[in-house]
Structure formats: C-alpha cells, structure tokens
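Hi everyone, thanks for having me. I'd like to walk you through a structure today, so please have a look at the sequence and the model as I talk.

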Amino acid sequence: MEYYSHKNPDKLLYDHLLEVYHYAMEANVELKNWEKEALQIICLCHDFGKFTTFFQSHLSGVSSKHSQHGFLSAIFGVFCWMQKKGLCLQQMNPPASLDEVISLLIYACILHHHGDVKDISKNLPEKFKGDFKADINLVQKIDDAYVQIEDLRCNAEDIKPLLEKIGLGNEFEKFLAQQRGFIEDILRYLKRIEYGIRLIGMIPQAFKDGTELYFAQQKLYSLLIWADKMSAANYKLLFPCYASSDRLIVARDKVIKPTQDKNLQRIRQSVFEAVLSNIEKNKEKDIFSITTPTGTGKTLAGVFAALKLKEILKKSGRIIYALPFTSIIDQNYHVVENLFEAIEDFEKNRDRYLLKHHHLTDVEFKGKEGALKEITDEITVFEKVASECFIENWTSGFVVTTFVQLLETLISNRNRMLKKFHTFYDSVLLLDEIQAIDVELLPLVEEVLRKLTQLFRCKIILMTATKPLIFEDACELAGFCDYSIFNRTKLMYHHSDLKVAEFVDFFLQEVYEDEKSFLIVANTINQSHQIYNGIKNNLKNKEVIYLSASLVPKDRKDIIKKIEKMLESGAKPIVVSTQVIEAGVDIDFDCVVRDIAPIDSIIQCAGRCNRHNEKSQGSVLVVNMKDESGITFAKRVYGNTAIEISRGLLLKHLEVEEKDYGMLIDNYFRMIKENKSFKKSEEFLKAIRLLKFDSILEKEELTISRFSLIQQRGGYVSVIIRSNEEIEDAYQRYIDSFSIKDYYERREIYLKLKNILFEYTISVPIKYAQIFDEEKGILSLPPTSCQRYYSPKTGFVYDPNDHIIFA
C-alpha cells in the first residue's frame with residue numbers, strides 16, 4: 001500500500017517526512033546538538049499519524065474523527081525521544097533534566113503544527129498523580145488514538161519498512177507493543193515536567209531562564225512549520241541574495257534628496273561618516289543607536305551601517321528594517337530600492353535582494369528558481385499563492401517591514417507569523433522610530449530583543465530623533481544628539497483651554513496669515529471635521545484640505561499627493577488632519593498647529609514644519625482643546641498620564657526653540673518612566689517565561705496570544721466602501737470566489753484582489769452596522785449609500801456628536 005502525505009500534488013508520506021527534515025536542517029540556523037536531535041525527531045514524526053487508513057481515506061474525500069493525525073504524531077514523537085534518550089516514566093523530582101524538558105517541546109511542536117500554539121496544559125491531565133483526570137476533549141483524543149494504533153497494527157508490515165528507512169523502525173515496533181494506558185502514562189510524565197516549569201519555575205541549567213526556553217520552543221516550531229509548508233506546497237528552497245555596501249555606495253548620491261541649505265548637506269555627510277566610522281570601531285557590541293534630528297540622513301546612514309556591520313562580521317542572515325507605519329515603509333523602501341538598482345542582476349532577482357512586507361504588500365515575488373512560476377523576459381514571476389509563501393517567509397537579503405510583523409512574530413502563538421521566527425538568526429535589525437511603540441510595552445520589547453542578540457546572534461541598530469526609554473546602554477554611532485545644529489522651528493504653547501469653535505476663531509484672528517501654509521493636527525476625527533468645516537466656511541477662497549483615517553487609503557494617498565504638488569508649486573494650503581500625518585509623509589509647511597499630545601508626538605509633528613531648513617524659522621503652536629463636556633480631546637486618545645506630563649513641561653517652557661528640543665524630550669521620557677505603569681510588560685514577560693500561550697483559566701491574565709502592538713478598539717468593524725467601479729468590480733469578483741471549492745484557486749483570486757479591497761476599507765464603530773450590507777460575513781457600504789455616507793474629500797460621514805478617536 002502507498003501512503004501519501006498530501007493530495008494535489010500527490011506526495012508520498014515517506015518522501016514528505018524526509019524532505020521536511022532536510023529542509024529544516026538546510027535553513028540558515030545554527031543548532032546545538034540537542035536541538036539537532038530534537039528537530040530530527042520533530043520533523044520525522046510530525047505526520048506519523050497519516051500512516052492510518054483513516055487519514056489515507058481522508059485524502060480520497062472520506063473523513064472521520066479518526067483521520068486527525070496531530071495528537072497521535074505528538075505522542076509517537078515523545079515516545080521516540082524517550083527511547084532514544086533512555087528516559088523512563090517513573091516519577092521524577094523537579095527540576096527536570098534537559099532531555100525531559102525536550103520531551104515537552106517535542107510534544108508541543110508536533111501537536112500544534114497545523115494551527116496556532118495552544119497552552120500545553122489544555123492537552124495534559126489535571127495532575128500527574130492518582131486517577132487520570134483530563135478535559136473531555138483530551139480524553140476523546142486518547143480514545144481515538146488507541147483506535148488509530150490498532151489500525152496501524154493491522155498494517156504494520158507495510159509501514160515498518162518505511163520507518164526503518166528513516167531510523168524509526170524499532171521505535172515503531174515498540175510503540176505498537178505498548179499496552180492500553182501507556183498514552184495516559186506519557187501524558188502524566190509530560191505533566192510532571194510542565195508542573196516543574198509552570199508552577200515551581202524550575203528549568204534545566206541549559207536555559208538561563210524561561211525566556212530562553214520560550215525561544216528554544218519557538219525556534220524548533222518555526223523550522224518545522226516553515227519546512228512543512230514548503231514541502232506540502234512542493235516548493236524548492238529559495239535562498240536570499242545579499243548586496244555589497246561597496247556596490248551600493250556609488251548609488252548613494254543619486255538618492256539623497258537635494259537641498260539648497262549647504263549647512264544641511266554638511267551635517268548629513270558628517271552624520272554618515274561618523275556612523276560608518278563608529279560601526280567599525282564598535283562592531284563587537286550588540287546594540288547601536290543613531291540619534292539625530294529629523295532631516296539629517298538617518299535612513300541612509302542606518303542602511304549602510306547595517307550593510308557594513310553584516311559584512312565586517314560575515315553575518316549570514318538578513319538585514320531586517322522595521323518601521324512603525326505602512327505609510328513610512330513605502331517611502332523608505334523606495335530609498336533602499338534606488339540604491340539596489342546599482343546591482344547588476346537586481347531586476348532578475350528583485351525580491352531575493354529586497355522585499356517589502358506588510359498587510360498591504362503586493363503579492364508578487366520575483367526571483368530565479370524555486371516554485372510554480374512563469375518566465376517573463378528571463379524574470380521569474382511566481383504565482384500569487386507561491387509569492388505569498390516566499391514573502392511571508394522573508395525570502396530576501398534585505399526585508400523592509402513593520403514593527404507589527406517583527407514583534408508579533410517574536411511574541412506570538414500564531415502559526416502564520418511564527419513560520420519566519422527562525423529567519424532572525426544571525427541578522428541585523430534596523431529599527432526606525434521605536435518610540436512609536438506604546439511606552440508600557442517597552443520593557444517587554446527590550447527584554448525580547450536583548451534575548452535575540454544573545455540567542456540568535458543578532459545585532460540591533462536603533463534610529464530615532466527622540467531617544468526613547470529603551471536600550472539606554474546602546475552604542476551611539478552618530479556621536480551626538482545635538483538639536484542645536486538646527487533651529488528650524490520654535491515650539492510655542494497656548495495654554496488657555498479652547499473649545500473647537502473658540503479655536504477656529506482664535507486661528508482665524510490671531511494665527512492665520514494668507515501667505516503661509518498651515519498644518520492643523522487634531523486628536524479625534526469629529527474634532528478634525530469641526531475644525532475643517534469651521535475654517536472652510538470662513539475662508540471661502542482658500543484651499544482647505546482634510547485628511548484622516550475616515551478616508552479610505554486610496555483617497556488618503558490621492559490627497560497627500562495633491563498636498564505635495566501644491567507645496568512644491570509654492571501654493572499655501574491649509575491642511576486639517578489627525579495623527580495620520582505625523583510620520584511617513586515628507587511634506588513641509590510654514591506653520592504647524594497641534595492639539596496637545598505627548599511631547600514625542602509633538603516633536604514628530606514639528607518635523608512637518610520647515611523640514612528642509614529653506615525658510616525662516618517656522619512656528620509650531622500647541623493648543624489645548626476640549627469638547628463641549630469639558631474633556632480634553634487628547635486624553636481620550638493618549639490617557640491622562642502622558643498628557644498631564646506634557647502639559648506640565650509646556651507650561652514651564654512656553655516657548656522652546658528646536659535647539660532645545662532634546663532637553664524637552666529627555667525630561668518627558670524621564671518623567672514618563674517615573675510615572676508610567678509597566679505592569680503590562682511584566683505580565684507578558686511572565687507569560688513568556690512560563691510558556692503561557694492562551695490559558696483560559698484566568699481570563700484577565702495577559703497570555704502570549706493577547707500580545708498586539710495595535711491597540712484593539714472595541715466596537716469597531718472593517719467596512720469596504722464601494723464608491724467607484726474599481727472597488728465594485730473587485731468586490732463582486734471576491735464575493736463570487738466563495739463558490740469555488742478549491743482552496744488554492746480561491747486564495748489566488750483573493751490575493752489578486754486584496755490590495756484593491758484594502759485600499760477601500762476603513763474601520764467604523766459597530767453602531768453604524770445597520771447602514772452596511774453584509775454578504776459572506778463581509779460588511780460593505782453599497783454604491784447606493786456612498787453618496788449619503790461617504791465623501792472622497794472628508795471620508796465617512798459620522799454623527800457629529802460621536803467622539804471617534806480612530807485617527
């Protein structure tokens with residue numbers, strides 16, 4: 001009898017097991033001896049349960065509860081490991097030995113390889129002594145496993161020769177010889193190990209702490225699921241291409257944005273030279289920083305520092321360039337792309353050299369060899385599903401991505417994210433504007449990134465204009481964080497409380513000048529709408545432009561392009577926006593007005609004023625706006641602590657020139673550190689150390705599965721705005737695809753359409769749901785309702801009394 005692992009394409013189970021093992025071992029990850037041994041067992045046993053006739057019938061379309069293979073495979077994996085290491089089921093005293101703890105890792109990796117990682121206690125008995133008591137689902141899995149083992153016994157003569165070829169024939173024979181009850185004994189054995197780690201905190205000396213144990217499990221799990229998915233899809237391994245810094249340096253001058261300010265040119269060059277010089281002198285350190293004001297060329301300095309460090313240390317991994325927002329990614333990706341075009345074979349292997357990855361990335365991967373493909377002018381263009389696989393696996397020498405992709409891979413239980421966990425090995429991480437991360441999460445982020453440098457041989461370079469409360473011991477490469485080199489702007493605080501109507505009057509009477517361009521940044525959407533309408537109604541002949549997340553991304557981009565062209569032509573518009581404009585938009589206004597916010601956010605906003613130092617000193621005015629009930633808009637968004645600290649500092653310094661911004665920022669972060677609670681970080685770190693992935697025993701505890709960089713606002717839903725023919729056609733094609741039975745065909749259609757769908761999707765409060773259509777679980781605003789509820793100039797039409805803060 002032939003045993004298959006997958007249908008479409010047909011793949012023999014024996015071949016699949018070996019291929020997964022070889023793929024995992026060929027990944028660019030250095031493994032300790034015990035990791036190699038454990039990975040071999042994990043890979044060769046992960047689909048053992050597919051040898052049952054139940055699963056083979058499932059491939060032919062006949063499924064049953066006995067066709068599930070994960071649990072049986074996990075038990076067999078633990079059994080093989082115990083046989084290999086001579087481990088017995090007799091009661092032990094904590095701490096468990098390294099080999100015993102590895103038993104638990106093997107069980108967890110195999111058990112969860114087709115889904116997200118679950119809390120292991122859900123698949124272990126309640127206790128390791130006395131009567132066997134367990135969750136009803138686990139009891140059912142055990143009963144099913146005994147039925148599956150009996151089925152294996154009936155076909156042992158066909159199966160054993162296959163397992164002998166991979167060195168597991170004897171283990172298979174002993175496994176089938178076990179008496180009923182041995183599964184319960186194995187689970188009790190695993191429970192003892194879990195008890196020692198979880199409740200006593202005792203781990204083998206091979207791990208310094210529970211975080212190292214977490215990294216070990218995630219590494220093994222990542223290698224398994226990555227190799228498994230590549231083999232199952234029948235893809236050949238595709239390796240990254242790496243660029244030489246010497247080759248790219250010739251293209252540097254072409255990508256530097258020109259400026260008329262000779263002093264700025266000199267500063268950029270001195271920063272660049274200092275960074276490259278210091279990276280060579282301090283190459284043995286793990287964590288570096290480039291801390292200079294906005295506009296001093298940090299991006300190029302950081303890119304070349306990463307390239308140089310990788311070459312000096314002969315690092316075999318990637319450069320991973322992470323930024324806080326997708327809007328910044330596109331801009332900075334193009335800077336790097338322009339450099340890489342100096343590489344001779346870049347166009348033929350574009351994505352193997354340089355890859356952009358976030359949820360709106362075009363799903364197209366170009367690079368020779370590897371998978372299902374078509375050849376166009378000697379360039380390999382992979383099909384959408386294959387492209388998605390290579391993109392999500394970071395199959396590139398230089399990856400530009402988001403903090404979400406980076407940190408929600410490092411701190412995660414999600415299968416889809418964790419398949420690239422192992423790709424961090426021996427890499428250089430370039431982190432841009434890390435202060436954008438919630439202050440409460442910074443101790444967590446710092447701990448995890450430090451472990452990455454220690455356990456995965458990573459190097460980290462931070463780039464920021466406002467040095468945050470993280471990695472205070474980082475080696476500074478720029479040599480200075482001296483705001484005195486610039487005096488482009490002056491920060492002024494108008495401390496009197498203003499309601500929106502009062503602010504509009506104040507702006508028109510005391511701030512507005514016809515010959516200047518203005519950017520006004522509000523904190524909530526309805527606040528911004530009120531300001532926009534108030535100014536527009538009073539300045540009939542002035543170009544007043546609106547920007548916020550109530551506009552679909554497509555309209556936002558069009559508006560930003562319009563603003564850029566107006567400013568470049570010398571026009572003087574007034575732009576009313578929310579925080580969506582704070583980062584990633586390279587535009588330059590004469591004056592900026594900002595409703596009060598945290599100091600670092602205000603300084604970010606100041607970077608949109610006199611950005612290129614080509615005008616007289618620009619003004620950045622901070623005001624304090626309240627709603628009709630007297631509540632400060634800023635506190636609805638940022639909470640009380642950050643705003644009160646910021647307000648207190650601004651009251652002490654009603655006027656601050658850019659040369660003194662550093663003082664303001666340092667004081668702000670010092671006070672935040674003294675006043676902010678870091679309980680959230682402490683709870684997530686505890687979850688990591690105890691391998692608590694998604695426990696339901698304590699509903700309020702923060703487990704690994706609950707980690708997210710993006711604060712989930714309750715009561716919001718995603719809605720597709722069907723406002724023109726482009727999105728209407730894509731929407732209808734997407735809905736029609738649900739009738740297609742073949743998953744890969746459906747997925748291919750979705751991947752072709754997803755960017756259009758996202759370009760017309762916004763988040764709105766769920767209370768507006770009654771005005772949307774729902775089809776296949778997808779909410780949309782139909783064309784007949786768009787005229788009433790959506791404007792391409794101002795976005796979704798809200799009730800003016802709503803305090804919408806989704807900016």
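Let's start with Cys 109: buried or exposed? Its relative accessible area is 0%, and buried means under 20%, so Cys 109 counts as buried. Please keep in mind that this is a predicted model. Now compare another cysteine, Cys 154, which has a relative accessibility of 63% and is therefore exposed, since the cut-off for that is over 50%.

For Cys 109, the nearest cysteine sulfur belongs to Cys 43 and sits 9.4 Å away. A disulfide needs two cysteine sulfur atoms within 2.5 Å, so Cys 109 is in no disulfide.

Next, let's go to helix H29, which covers residues 725-737. How far does H29 reach from its first C-alpha to its last? The answer is 18 Å for 13 residues, close to the 18 Å expected at 1.5 Å a residue. At its start, a side-chain oxygen of Asn 724 comes to within 3.1 Å of the backbone nitrogen of Glu 726.

Several residues of H29 are buried, among them Ile 727, Ala 730, Tyr 731 and Tyr 734. What do the buried residues of H29 pack against? Their partners include helix H30 (743-759), helix H31 (783-789) and strand E19 (716-721).

How many salt bridges does the structure hold? There are 49. Let me pick out a few.

In helix H9 (residues 182-198), Lys 191 and Glu 194 are three residues apart, so about one helical turn separates them. Their side chains form a salt bridge at 3.0 Å, N to O, and both residues are buried.

Glu 30 and Arg 457 also meet in a salt bridge, at 3.7 Å, N to O. This pair links distant parts of the chain, 427 residues apart. Glu 30 is in the loop between helices H1 and H2, while Arg 457 is in the loop between helix H20 and strand E10. Arg 457 is partly exposed, at 37% relative accessibility.

Key. Residues are numbered from 1 along each chain as its sequence is written. This is a predicted model: local features need pLDDT of at least 70, side-chain atom pairs count only at pLDDT 80 or more; totals for chains, interfaces and linings use all residues. Side-chain values use heavy atoms; hydrogens and water are left out. Buried means under 20% relative accessible area, exposed over 50%, partly exposed in between (1.4 Å probe, protein chains only). Helices (H or I, at least four residues) and strands (E, at least two) are DSSP runs, numbered from the N terminus. The expected span of a helix is 1.5 Å times one less than its number of residues. Contact means heavy atoms within 4.5 Å. A polar contact is a pair of N or O atoms within 3.5 Å; within protein, one must be able to donate a hydrogen and the other to accept it, and residues adjacent in sequence count only if both atoms are side-chain atoms. A salt bridge is a side-chain nitrogen of Lys or Arg within 4 Å of a carboxyl oxygen of Asp or Glu.
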